[in-house]
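The sequence and structure come below, followed by the account.

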Amino acid sequence: MKRLIAIIGALSLLACASADAATKHGKPAPTAKAAKVTNFKYGTRPMRSGTAGKDVIALQHYLAVVSIPVAPDGAFGPTTRHSVKAYEKLRQKPTDGIVQVGEAKKIKALAERLARPASGDFLFPVVGPHSFGGPDNAFGAPRSGHIHQGQDVLAACGTPLRTASPGYVRANTFQAGGAGYYVVIRSSITLEDYMYAHLAGPSIAAKGATLAPGASIGVVGATGDAQGCHLHFEMWSVPGWYTGGAPYDPLPSLKLWDAYS
């Protein structure tokens with residue numbers, strides 16, 4: 001019994017010594033677990049509600065770049081989970097709010113691409129001779145009861161059309177008094193929506209289909225409320241076409257793509 005008491009006493013002294021070392025200079029030493037969480041390298045573990053660390057801060061920064069704002073506080077709380085689910089919805093993925101290792105790397109790659117987009121990521125949508133419409137055909141020009149929400153690219157009827165960016169088809173339908181045959185494609189690069197209107201007939205790109213860069217989507221026409229053959233092209237900010245986004249002037253992008261396509 002005396003020997004057992006002595007062993008217990010020795011262990012107690014060791015515990016006290018450890019505590020003194022941990023609180024030296026009035027600063028508790030971090031536990032091994034806390035240090036590991038804090039120093040996790042981005043893309044080396046799944047991130048979900050309750051995780052925290054430098055990798056979560058990086059994730060939050062990347063989400064902000066892809067237009068899904070969240071405060072970079074390093075804690076994967078309800079706000080970050082909401083932002084992750086918004087990203088998953090945009091990408092047509094299961095909305096579980098969990099960022100697996102592979103998806104973390106894809107989010108990073110997308111953010112870096114958006115910060116420094118390569119010219120070859122986008123293509124001019126009209127494949128053939130064309131010109132840009134004047135002020136009456138530009139973004140913001142007045143129309144009966146509304147403003148022009150895109151830019152017209154004039155080209156002969158039957159001129160092939162292709163995707164300006166890879167993505168998936170959100171809409172493929174017809175509007176008699178306006179856009180005629182049109183298709184809306186969400187870019188897999190920017191997560192924005194691009195709308196192509198006045199096609200000669202229904203687009204060959206089926207709703208829900210995933211399209212490769214430069215995929216054929218139809219030909220120039222004059223269906224709907226159109227004065228002559230042309231492509232009416234719109235660009236909508238995240239979260240997209242009539243889902244909370246807003247149209248903005250596509251002419252600068254079109255001219256850039258036209259310069260190298």
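## Backbone geometry and nonpolar cores

His-198 is buried, with a relative accessible area of 5%, where buried means under 20% relative accessible area, exposed over 50% and partly exposed in between, with a 1.4 Å probe and protein chains only. The model is a predicted one, in which local features need pLDDT of at least 70 and side-chain atom pairs count only at pLDDT 80 or more, while totals for chains, interfaces and linings use all residues. Residues are numbered from 1 along each chain as its sequence is written, and side-chain values use heavy atoms, with hydrogens and water left out.

His-198 lies in strand β8; helices (H or I, at least four residues) and strands (E, at least two) are DSSP runs, numbered from the N terminus. Leu-191 is placed in the loop between β7 and β8. Each of the two is a residue other than glycine with a positive phi, as tabulated here.

| Residue | Phi | Relative accessible area |
|---|---|---|
| Leu-191 | near 70 degrees | 1% |
| His-198 | near 70 degrees | 5% |

A cis peptide bond, with omega about 10 degrees, joins Val-238 and Pro-239, and Pro-239 is found in the loop between β11 and β12 (247-248).

A nonpolar core is a set of buried Ala, Val, Leu, Ile, Met, Phe, Trp, Tyr and Cys residues joined through side-chain atoms within 4.5 Å. The largest such core has 24 residues, of which Tyr-194, Tyr-196, Ile-217, Phe-233 and Trp-257 touch the most other members. Two or more residues are given to this core by each of β7 (180-187), β8 (193-199), β11 (230-236) and α6 (251-260). Apart from it lies another core, of 21 residues, including Met-47, Leu-63, Val-84 and Ile-107.
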